[in-house]
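The sequence and structure are shown first.

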Amino acid sequence: MDPPIDVSVRRLTQHSWMLGFSKICERVTTTPPSNAIFSWQDGKYNYYVRERVEKEILKPEDGLDEGLVDVVGPIAALWNIGTNTVCKVRAWSEGLELESITIKFVGKYCPWVPLPEVIHCWIDKDWSRSFLIYKRVEGKPLR
C-alpha cells in the first residue's frame, strides 16, 4: 500500500491533522468555520474537517506523530484525535462494505450491542482507503 497505512493520518501541528490525501482536521475553541464538511465536540474543543486546498504546503512537524494507537498489518490503523474520538483507516477497494454500514446494521438488529457513535465516514479514492471517525465506546479492549 502506498503510502503505508500508518501514515494515513499525520499530525501537522498541535491542533491539526492531515487525513489521507484530501482532508484536514483542525481543533478550535470557537465555532467551526463555514468551509467545514463536518464537525463535532470533544471535551472543551470543537473539531472540524475540511477539504485540503490544493496549494497548501503540508509538512508534519517533528515529534507530533503521537496519536497512533494500533496498526493491523498493512490494512488498518487507529488514531486518537481528541480525548474521546477515534479515526479508523482501512484499506479499501470497489465493492468493499464500509464499516459504518455494518455498525448501522448491528445497531438496528442487535440494539443491546454497545456500538460507537459514528461521526462521519468517507472513502479516499486517491489512497484507496476508507476513513471512519467515531466516538470512543467505554469498555475493555478484547486483548
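## Surroundings of Glu26

Contact here means heavy atoms within 4.5 Å. Leaving aside residues up to four places away in sequence, Glu26 touches His15, Ser16, Asn46, Tyr47, Tyr48 and Arg50. The model is predicted, so that local features need pLDDT of at least 70 and side-chain atom pairs count only at pLDDT 80 or more, while totals for chains, interfaces and linings use all residues. Residues are numbered from 1 along each chain as its sequence is written, and side-chain values use heavy atoms, with hydrogens and water left out.

Glu26 belongs to strand E3 (residues 23-28); strands (E, at least two residues) and helices (H or I, at least four) are DSSP runs numbered from the N terminus. A polar contact is a pair of N or O atoms within 3.5 Å; within protein, one must be able to donate a hydrogen and the other to accept it, and residues adjacent in sequence count only if both atoms are side-chain atoms. The side chain of Glu26 makes such a contact with the side chain of Tyr48 (2.8 Å) and another with that of Arg50 (2.8 Å).

## The cavity

A cavity is a set of points, on a 1 Å grid over the protein atoms alone, where a 1.4 Å probe fits but cannot get out; lining residues have an atom within 4 Å of a point. The count comes to 1 cavity of 30 Å³ or more. The largest cavity has a volume of about 70 Å³, a volume being the space filled by probe spheres set on the points, which are joined across faces, edges and corners.

Strand E8 (85-91), helix H1 (99-109) and strand E10 (129-135) each supply at least two residues of this lining, and E10 gives the most, with 3 residues. Among the lining residues are Lys88, Arg90, Glu99, Cys121 and Phe131.

How values were computed:
1 Å grid on protein atoms, 1.4 Å probe; cavity = no way out; pocket = protein on both sides within 12 Å on 5 of 7 lines; lining within 4 Å.
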